[in-house]
Amino acid sequence: MAVSMPVDAEQAWKDLQRIRVPQERVYDEFERSASGGRGMTYGTAALMWVFLAGVGMDLPQWGVGLFVAAYVGLLSMLIVMSSRRSRMQLHHTHCPGRMWAAFGAAAVLVGGTIVLSDHLTEPLEPIHGGLIQATAAVAVYLLTLGRANRWVADSVRSGGAPAADEEAGR
């Protein structure tokens, strides 16, 4: 036996807005925290530049190993510090596809820039070539990072819409 109740359109709209506003705030916060903030972005870029410039100096094998170990350690420290400050953590199933695609695309772009700039700077002295290579790679990293983070955050924002529409249709 179905009981029909009159629906007040204005009240239904207010209820919907009361639900959607906090949801939009969650998406906005995710968008802000996706990159870890400017400090994380520029810290990672500076660390990458120092690493690439150092490796480009024609170091002995043990020097390259030391540089790699220091780079991985400092990068890990930056990641741990950033994750401790992050106020928001979403479940990993919310946006794995776009996150991995953005990570892979960034790796291909930055890696391609490193390889291309290495070939273009071969005639130069190792120090100058390493500085140009590091600057080009970091520039590509910084130019693509913001776009990639927005693209990943958009997947989270649009990912919630179909579920809300399905529940509204019930």
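**View 1. Overall fold of the predicted model.** Of the protein's 170 residues, 23% count as buried (under 20% relative accessible area; exposed is over 50%, partly exposed in between; 1.4 Å probe, protein chains only). This is a predicted model: local features need pLDDT of at least 70, side-chain atom pairs count only at pLDDT 80 or more, and totals for chains, interfaces and linings use all residues. Residues are numbered from 1 along each chain as its sequence is written, and side-chain values use heavy atoms, leaving out hydrogens and water. The protein has 5 helices and 0 strands (DSSP runs numbered from the N terminus: helices are H or I, at least four residues; strands are E, at least two). Among contacts (heavy atoms within 4.5 Å) between residues at least 6 apart in sequence, 82% join residues at least 24 apart.

**View 2. The largest nonpolar core.** This core holds 15 residues. Such a core is a set of buried Ala, Val, Leu, Ile, Met, Phe, Trp, Tyr and Cys residues joined through side-chain atoms within 4.5 Å. Met-48, Leu-52, Tyr-71, Val-110 and Tyr-141 touch the most other members. Helices α2 (37-55), α3 (61-85) and α5 (126-169) each give two or more residues. The largest share, 7 residues, comes from α2.

**View 3. Surroundings of Met-48.** Leaving aside residues up to four places away in sequence, Met-48 touches Tyr-71, Val-110, Ala-137, Val-138 and Tyr-141.

**View 4. Leu-47 in helix α2.** Leu-47 is found in helix α2. Leu-47 is buried, with a relative accessible area of 15%. Not counting residues up to four places away in sequence, Leu-47 touches Tyr-71, Leu-74, Leu-75 and Leu-78. Leu-47 and Leu-75 lie 28 residues apart along the chain, and 7.5 Å separates their C-alpha atoms.
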